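Notebook open, structure loaded. I'll jot down what I look up as I go.

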Amino acid sequence: MSMIRDLRAAVRPSLRPHFRKSPTPYSGYDATRDPSASSAVVDCAVYRDGRRMEAAACQTPHEAMLRVREGGGFAWIGLHEPTEEEFAGIAREFGLHPLAVEDAVHAHQRPKLERYDDTLFTVFKTIHYVEHAELTATSEVVETGEVMCFTGRDFVITVRHGGKGSLRALRHRLQDDPELLAKGPSAVLHSIADHVVDGYIAVAAAVQDDIDEVEIDVFSTPVKGGKRGSDAGRIYQLKREVLEFKRAVSPLQRPMQLLSERPMRLIDPDIQKYFRDVADHLARVQEEVVGFDELLNSILQANLAQATVTQNEDMRKITSWAAIIAVPTMICGVYGMNFEHMPELRWTYGYPAVLGVIAVVCFSIHRTLKRNGWL
């Protein structure tokens, strides 16, 4: 129990100002967990000269760092939604700052780049398009996740939150390019940033299709008797999803600017050039997302204007029929007062004559209103 309390205390900023590497390597990583419990570590590897060492070379982050200290290279440790207890040993092993550790464990962070001593802490928001047969007022269009990256001189730790956005394919792709991977941890950081931004581009194209569909529906001629009541709900839902997209893209611009323009000890100068390309792609996506938001505003305003026009047309029709019905109502009301001396009261043709007058007047009013576009 005392060991568990020590591990919990390791990630509390209020108790310790920052993590420090212990004089002897931390050897209690596996001992802090129940062997039957599932580990948050999804992959752990050591890379030397751009090539991955055999799988048996490191089974835990502690063993990976021992290999790095003995023979050089760097360790890449991938985790998925670790708990405080699972991450505490890794945090102590690599000397991670408690503030960054807290962000990595609890997630729900905005994209950012922070420097803690000899470690860069980067947060990326991942976006995934949710396929749907038809866009409705409750459709989920985008799904967000997070990837946190701790980058040091000889290690990279990636912490992923969310059901999608696995980095396994990215790792395999990097392993097929030893020349790039030989650049060290900064090459991994660039590949993650490039992978995330490429995802933004794909999602932007899919969202554009949804917006085009809504735009066509709003501005197309409605079927006679059809209703547009669901259009406003669909547009509003799409605006909410675009706003979620915007929250992932916009804050990332500043970190990409820093990584591409400001020299950093942990970023290889050759890799820094590649960050410029990522920053350019991100800027393009940012422009598209802002354009989506403005376009949806215009579509929503047009939809509301159409609804107002439809209501006005309905009111004109109601008013026109009310005017037509008022004629027989007035005439019948006069003859229903039961006075003894009424015009044509005892005339044989009085009843059909009054009905004829009502018909002629109603027909004339109907024709006039229809000619003026009220009916």
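How many bridges pair β4 and β5, and in which sense? I count five bridges, antiparallel. For my own record, helices (H or I, at least four residues) and strands (E, at least two) are DSSP runs, numbered from the N terminus, and two strands pair if DSSP finds at least two bridges between them.

Housekeeping before going on. This is a predicted model, so I note that local features need pLDDT of at least 70 and side-chain atom pairs count only at pLDDT 80 or more, while totals for chains, interfaces and linings use all residues. Residues are numbered from 1 along each chain as its sequence is written, and side-chain values use heavy atoms, with hydrogens and water left out.

**Entry: the sheet**

I traced an open sheet of seven strands, in the order β2-β1-β3-β7-β6-β5-β4, with mixed pairing. Its edge strands are β2 (51–52) and β4 (112–116), each pairing on one side only. At the β2 end, I find two bridges joining it to β1, antiparallel. There Tyr47 has Arg52 in β2 as its bridge partner.

At the other end, β4 and β5 make a hairpin with two residues between them. Across that pair, Glu114 stands opposite Phe121 in β5. On to the next neighbour: β5 and β6 run antiparallel and are joined by ten bridges. In that pairing Lys125 stands opposite Glu146 in β6.

I also checked cover on β5, and ten of its eleven residues are buried. My cut-offs: buried means under 20% relative accessible area, exposed over 50%, partly exposed in between (1.4 Å probe, protein chains only).

Most residues other than glycine have a negative phi, so I looked for exceptions. Asp117, in the turn of the β4–β5 hairpin, has a positive phi of about 55°. Its relative accessible area is 59%, so I log Asp117 as exposed. Glu81 is not a glycine either, and has a positive phi of about 45°. I find Glu81 in the loop between β3 and α3 (84–94). With 41% relative accessibility, Glu81 goes down as partly exposed.

**Entry: rings**

I get six aromatic pairs in the structure. The test is on rings of Phe, Tyr and Trp (its six-membered ring): they pair if their centres lie within 6.5 Å, and planes under 30 degrees apart count as stacked, over 60 as edge-to-face and the rest as tilted.

Tyr47 and Trp76 have ring centres 6.3 Å apart and planes at 45°, so I file the pair as tilted. Tyr47 is in strand β1 (residues 41–48) and Trp76 in strand β3 (residues 74–80), so this pair ties together parts 29 residues apart in sequence. Tyr47 is buried at 1% relative accessibility, and Trp76 is buried with a relative accessible area of 1%.

Phe121 and Phe150 also pair, tilted, at 4.7 Å centre to centre and 35° between the planes. This pair links Phe121 in strand β5 (residues 119–129) with Phe150 in strand β6 (residues 142–151), 29 residues apart. I have Phe121 as buried at 0% and Phe150 as buried at 1%.

One aromatic cluster turned up as well: Tyr47, Phe74 and Trp76.

**Entry: arginines over rings**

What sits over the ring of Trp76? The charged end of Arg171 does, 4.0 Å from the ring centre. My criterion was NZ of Lys or CZ of Arg within 6 Å of the ring centre and within 35 degrees of the ring normal. Arg171 belongs to helix α5 (residues 168–175) and is buried, with a relative accessible area of 4%. Its side chain also makes a polar contact with the side chain of Asp43, at 3.1 Å. By polar contact I mean a pair of N or O atoms within 3.5 Å; within protein, one must be able to donate a hydrogen and the other to accept it, and residues adjacent in sequence count only if both atoms are side-chain atoms.

I noted Arg316 too, lying over the face of Trp374 at 5.7 Å from the ring centre.

**Entry: helix α10**

Helix α10 has 67 residues (269–335) and should span 99 Å at 1.5 Å a residue; I get 100 Å between its end C-alpha atoms, which agrees. The expected span is 1.5 Å times one less than the number of residues. At the start of α10, a side-chain oxygen of Asp268 comes within 2.8 Å of the backbone nitrogen of Asp270. Further along, α10 bends by about 25° at Ala326, with Pro328 following within four residues. I take the bend as the angle between axes fitted to the seven residues ending at a residue and the seven starting there.
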